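I opened this structure for the first time today. My notes follow in the order in which I looked things up.

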Amino acid sequence: MKIVLMEPLGISQATLDELSRTLTDKGHTFESYDTVTSDVEEMKKRSAGADVLMIANHPLPDEVIRADENLKFISVAFVGIDHVGTDACKEKGIPISNTGGYCNDAVAELSIGLTLDCLRNITKGDAAVQGGKGSAGLQGHELAGKTVGIIGTGAIGCRAAELFKAFHCKLIGYSRSQKQAALDLGLEYKSLDEVMAQADIIDVHTPLTPETRGLIGAKQIGEMKQGAILINTARGPVVDTEALAQALRAGKIICGTDVYEKDPPLPEGHPLLGAPNLVCTPHVGFNTRESIDRRAVMAFENVTSWLDGKQIRKML
């Protein structure tokens with residue numbers, strides 16, 4: 001079969017060669033591209049005649065999927081598949097597998113890092129020293145003893161809860177279903193309103209779905225404690241950007257975010273640009289050397305397993 005990697009996976013050529021040999025040694029052909037394209041016609045050229053497509057986090061539109069008459073399977077080196085043309089996949093009966101779990105530690109650790117920055121003024125402290133100033137106005141707070149509200153207790157949410165517990169935090173949470181792993185950590189499930197009102201720190205880990213888009217809006221932010229911290233390393237649209245910006249400018253809350261409606265650079269005039277009480281990172285939660293290598297291995301495992309007649313990490 002013809003297998004095409006449509007975009008780079010962020011791994012070395014040596015690693016790519018080693019992983020692709022698991023396919024070519026069995027008689028399959030493998031082609032890869034080391035650039036990203038958003039041009040639909042270019043994507044059609046790359047995917048032409050492919051039985052299997054491999055992508056990462058860049059869009060694969062319905063139009064491209066429909067144009068490839070041979071396409072039988074898609075391996076997505078990413079957790080979400082909202083960037084894949086699932087309508088076309090459903091029409092053609094094309095299964096999709098993801099690499100869920102590859103960045104659990106990476107994202108959860110960044111949530112802790114953003115929280116500590118918000119509490120201890122790490123970024124502000126660096127700016128003070130670099131600017132020839134002292135520590136005036138930079139007294140912080142301890143994480144120990146704080147109540148942390150986990151929004152979304154899937155694998156990443158539970159990993160974050162585990163790390164917060166190591167800092168001796170009290171755990172509460174909201175999710176569409178209760179997870180035994182969260183209960184085993186001592187997390188107490190509550191309504192969304194209760195979590196927003198009671199937590200000192202809100203840590204968002206829910207996927208983006210029609211139900212979660214705008215889940216945390218003006219009402220929910222208004223319920224937060226004065227000076228509480230909102231951390232978002234999940235998906236930008238889960239939090240209402242305008243409501244968040246207003247709360248930051250009003251001094252209501254502090255925020256650490258890694259995600260936005262679209263990845264940075266943010267457009268001129270974006271509500272969060274220049275907002276006070278905000279620590280930003282440019283959507284790097286998933287991006288560690290370890291996690292990127294891990295997702296590549298998983299993406300190739302998806303293909304080899306499907307070729308052997310067993311679909312793993314099934315998303316569609």
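I began with the sheets. I took helices (H or I, at least four residues) and strands (E, at least two) as DSSP runs, numbered from the N terminus. Two strands pair if DSSP finds at least two bridges between them.

The model is predicted: local features need pLDDT of at least 70, side-chain atom pairs count only at pLDDT 80 or more, and totals for chains, interfaces and linings use all residues. Residues are numbered from 1 along each chain as its sequence is written, and side-chain values use heavy atoms, with hydrogens and water left out.

Next I checked how β1 meets β2. They pair in the parallel sense over 4 bridges. Ile3 stands opposite Phe30 in β2. Axes are lines fitted to C-alpha atoms, for helices over the stretch in contact, and angles run from 0 to 180 degrees between N-to-C directions. Contact means heavy atoms within 4.5 Å.

I stayed with Ile3, which is found in strand β1 (residues 2-5). Is Ile3 buried or exposed? Ile3 counts as buried because its relative accessibility is 0%. The cut-offs are under 20% relative accessible area for buried, over 50% for exposed and partly exposed in between (1.4 Å probe, protein chains only). Not counting residues up to four places away in sequence, Ile3 touches residues including Leu23, His28, Val52, Met54, Val303 and Leu307. Ile3 and His28 are 25 residues apart in sequence, yet 7.3 Å apart in space, C-alpha to C-alpha.

Then I turned to another sheet. Here 7 strands form an open sheet in the order β8-β7-β6-β9-β10-β11-β12, and the pairing is parallel. β8 (188-189) and β12 (278-280) each have a single partner strand, so one side of each is left without a neighbour in the sheet. Strand β6 (residues 147-151) and strand β9 (residues 201-204) pair over 4 bridges. Ile151 stands opposite Val204 in β9. Helix α5 (residues 104-120) lies across β9, β10, β11 and β12, at about 150 degrees to β10.

On a 1 Å grid over the protein atoms alone, a cavity is a set of points where a 1.4 Å probe fits but cannot get out, and a pocket is an open set with protein on both sides within 12 Å along at least five of seven lines; lining residues have an atom within 4 Å of a point. Grid points are joined across faces, edges and corners, and a volume is the space filled by probe spheres set on the points.

The largest pocket has a volume of about 1,100 Å³. Its lining has 41 residues, and Val79, His205, Thr206, Pro207 and Leu208 lie nearest its centre. α5 and α7 (155-166) are the elements that give two or more residues to that lining.

How many cavities of 30 Å³ or more does the whole structure hold? The search finds 2.
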